Amino acid sequence: MDATTLLVVITTLSLLGYVLGRQRSIKVAANHGGQRKLHSLPKYYGYMVSLWTGLPALVLLVFWLIFEPGIINSMLLAELPAEMSALSENKLSLVMNDLQLLAESGRIKAETDPVKRSAAETLVGLENRSQLVRNILIFSVALAGTIWSLSRIRVHTRARVFVERIIRYLLILCSLVAILTTIGIVLSVLFESLRFFKSVPLTDFMFGTKWSPQTAIRADQIGSSGTFGAIPLFAGTLLISAIALIIAVPTGLMSAIYLSEYASSSFRAFAKPLLEILAGIPTVVYGFFAALTVAPFIRNLGETIGLDVASESALATGIVMGIMIIPFVSSLSDDVISAVPKAMRDAAYGMGATQSETIRQVLIPAALPGIVGGILLAASRAIGETMIVVMAAGLAANLTANPLQAVTTVTVQIVTLLTGDQEFDSPKTLAAFALGLMLFITTLVLNVIALHIVRKYREQYE
Amino acid sequence: MNNTELIKKGLAKRYRREKRFRAYGLMAILAGFIFLFVLVTDIVIKATPAFTQHWIKLEVNFNPEILDVGKKAGIDELKQANYNLLAKKSIRSLFPEVKKRRDKSKLAAMLSSSAEYQLRDMLLAEPYLLGQQQTVWVLADDDVDTYYKTDDKSKAVRLNDKQKIWADTLAADGRVSKRLNTTLFTNGDSREPEQAGIRGAATGSFYTILVTLLLSFPLGVAAAIYLEEFAPRNRWVDLIEVNINNLAAVPSIVFGLLGLAVFINYFGLPRSAPLVGGLVLTLMTLPTIIIASRSAIKAVPPSIRQAALGIGASRTQTVFQHVLPLAMPGILTGTIIGLAQALGETAPLLMIGMVAFIVDIPHGFLDSATVLPVQIYLWADSPERAFVAKTSAAILVLLLFLVVMNGLAVLLRKKFERRW
């Protein structure tokens, strides 16, 4: 019986527990003057028994599945012949992997190496025993839970209170997933980055101007360690994001102003969703558009006026990224502009100001913090955007401010370093995590500032 | 000159400025529309050729000698037969004048490499065809296909001059037919553009999104209920709230790094599996769902809660039996929008190895798979020209799914949303 079947068995038992608990409560109540005397509705007794049956067994199963491989491994290690267990850690893990595969293949008898064969047989034996113990243990825990909770049903048992408390705990657990995710992100990128900074000093990474993360094929190869100076990546990211913002901020802001101040409500009802379609298009589509349509167009345009434009120019990438974040800027600005109290508008009109004067001299200054917050969020979106740059920006790390040349970005390098087959421990893969850490910190800081500004501003007028 | 005159003097200028400002606003919106229009038109135009395919009519003689089998060959022997040669002979028989070896191989290259498998499946299904002559339509190679689809024939550079003449002859003989491309929807990925399809990627997307839905919906709604209905106002809960807002703005690729480090390296889950993809996308969509669910729950007026509490319901009963059903349309809308986002997401899935070249159609949550957006990315990288059309077609399919999902969300909101 594997884990899935066991899960089905536990679920069935649990459902059975519900039926039994419900019936039991009705029966108990009958002896004490009917259901009205029960503390809770009969179904809550059912839920109670069901929870007692399923929950401890489920928790046990999860723990078992997490810790089982480690324990079996160490038990197997103790039984391995001395010359095998004396191997270095890396080789040992290879051997263990081998044995695992052999045991799963079901062709142990065909193995020629007697040591391996016996070890694999031991492994299979251990695994079978572990599974048997697990199944018996978990089944009895579930059964014990059913019987115990059934025996506890009295007229005054507070089943509803118990069930509701468990529900409350489960809800809390679910809301902690968000915290766990953040912790997970921080820990995973932080630990791998620390390992990276052991081989490449932090200062070299932060201030180095040369990025060429090749790994050596031979140990004596020239430049075998690769150089990890991230400045060209940061510069490239900034260049592309800046182009994107130059496109998106004026367009987004002006369309927000037009939609919230000038447009008739029917035009608004039709134009706003249409603009927001731009935000719903997957980034891989923008990447395709940038690489196959915009970039060649800009290169040809450059050629006709005698400019030398790279086929993966930062300009093309930035423009398309700008298009992508237009709706982002526009909907955030729209929110803050509409939040400016009507009284301020009326006061300006009362003084004889035209509509555009009111907007420029009253609304925008009043909404400025919110707009700035929106722009910061858009910037963080642009910095973290991946697919457009992966498909349309370059791979070579050029340190340049010329938008007609190809530059690379932090996200492009993360993707290039991590797709493809390589061992996990090389500085090359670890560098991706260091870049990820930088990306996470930058966007986090931008987001925190932006959200703070937006929230503070909102409170001012509420 | 008094004040009134001063103001009147400047008035024309101010009105002009007003008009200009207004025009800027309209131009900005129009620019957005134009971008959208150009983007969609560009992709539709590029995608159109991908929806048709050219087939070539061959007279196939299932000659046992060519097949290298006995006259009364059984199924097992037929499985081993030389169908490659059969396909080549069949097209050569149409051009008996071709003698040179290089020309012969160029001629055979005009058929898709799937032709031999098609002939094999045909014979295996009906073994009595052995020794008989049959008319068979087989797929043309993608270069030939592209040649037929290009108006300016001199631009089709992947065929040499002889091949072009052959292709024209075939067309003139009525041996070429243009049909709807069903391969695109029934096949998995392939290195040959004419055999590549999106079924594998679409199935992978389905499994991935299913995992995301099954995990993110209950988790997100539960978290929203707790935060909105039960949580005390203290620093812990504030922390959770700030956290969720920040997670919503973390770049998606960072979630991919998390998935790689935690799910694959730490827990040892298989690479490229829809399960891992779904887990990563769950963490990514969770903030969206929580935020949407919270605002839907918040929109249920307090009078509903007070009424339920007043007649003796417990707080949990109030929430689950009254507040939640009323908030459900809003919650579902938010969930669908979150899932639509997840469906279009590519970057985090690249990190966890869903970029592999996978021909087979996945059959479970642990099979190696890829998803539609990643398939688009992979095809966009392919050098063959025919893949440009395929990529655009895949994009259209993806966009169609997204339109349907968002349409459903709008419908839900329109139909069930209540204003109190």
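A:Phe228 is buried, with a relative accessible area of 5%, where buried stands for under 20% relative accessible area, exposed for over 50% and partly exposed for the range in between (1.4 Å probe, protein chains only). The model is a predicted one, in which local features need pLDDT of at least 70 and side-chain atom pairs count only at pLDDT 80 or more, while totals for chains, interfaces and linings use all residues; side-chain values use heavy atoms, with hydrogens and water left out. Residues are numbered from 1 along each chain as its sequence is written, and chains are lettered from A and ligands numbered from 1 in the order in which they are written.

A:Trp211 is likewise buried, at a relative accessible area of 8%. The ring centres of A:Trp211 and A:Phe228 are 5.6 Å apart and the planes lie at 85 degrees, so the two form an edge-to-face pair. Rings of Phe, Tyr and Trp (its six-membered ring) are taken to pair if their centres lie within 6.5 Å, with planes under 30 degrees apart counted as stacked, over 60 as edge-to-face and the rest as tilted. The pair links distant parts of the chain, 17 residues apart: A:Trp211 belongs to strand S1 (residues 211-212) of chain A and A:Phe228 to strand S2 (residues 227-228) of chain A. Helices (H or I, at least four residues) and strands (E, at least two) are DSSP runs, numbered from the N terminus. Ring pairs join A:Trp211 and A:Phe228 with A:Phe196, A:Phe197 and A:Phe205 into a cluster. Over all chains, the count of aromatic pairs comes to 20.

Apart from neighbours within four places in sequence, the contacts of A:Phe205 include A:Phe196, A:Phe228, A:Ile231, A:Leu435 and A:Met438; contact means heavy atoms within 4.5 Å.

B:Tyr148 is one of the buried residues of H7(B), along with B:Asp142, B:Asp143, B:Val144, B:Asp145, B:Thr146 and B:Tyr147. Helix H7 (residues 142-149) of chain B has seven of its eight residues buried, so the helix is largely enclosed by the rest of the structure. The elements covering the buried residues of H7(B) include S1, H8, S3 and helix H18 (386-416) of chain B.

In chain A, A:Ser330 lies in helix H11 (residues 314-339) and counts as buried at 7% relative accessibility. Leaving aside neighbours within four places in sequence, A:Ser330 is in contact with A:Gly252, A:Ser255, A:Ala256 and A:Leu275. The domain assignment of chain A gives domain 1 (3-157) and domain 2 (227-461), with bounds from an automatic or database domain assignment. The centres of these two domains, taken over C-alpha atoms, are separated by 51 Å.

The structure holds 16 salt bridges over all chains, a salt bridge being a side-chain nitrogen of Lys or Arg within 4 Å of a carboxyl oxygen of Asp or Glu. B:Arg14 and A:Glu357 meet in a salt bridge through their side chains (2.8 Å, N to O). B:Arg14 lies in helix H1 (residues 3-47) of chain B and A:Glu357 in helix H13 (residues 355-384) of chain A, so this pair joins two chains. B:Arg14 is partly exposed, with a relative accessible area of 21%, whereas A:Glu357 is buried at 12%.

Within chain B, B:Arg175 forms a salt bridge with B:Glu59, the closest N and O atoms being 3.4 Å apart. B:Arg175 lies in the loop between helix H8 (161-172) and strand S3 (176-180) of chain B, and B:Glu59 in strand S1 (residues 52-61) of chain B, so the pair ties together parts that are 116 residues apart in sequence. B:Arg175 is buried, with a relative accessible area of 15%, and B:Glu59 is partly exposed at 23%. A network of salt bridges links B:Glu228, B:Arg233, B:Glu241 and B:Arg294.
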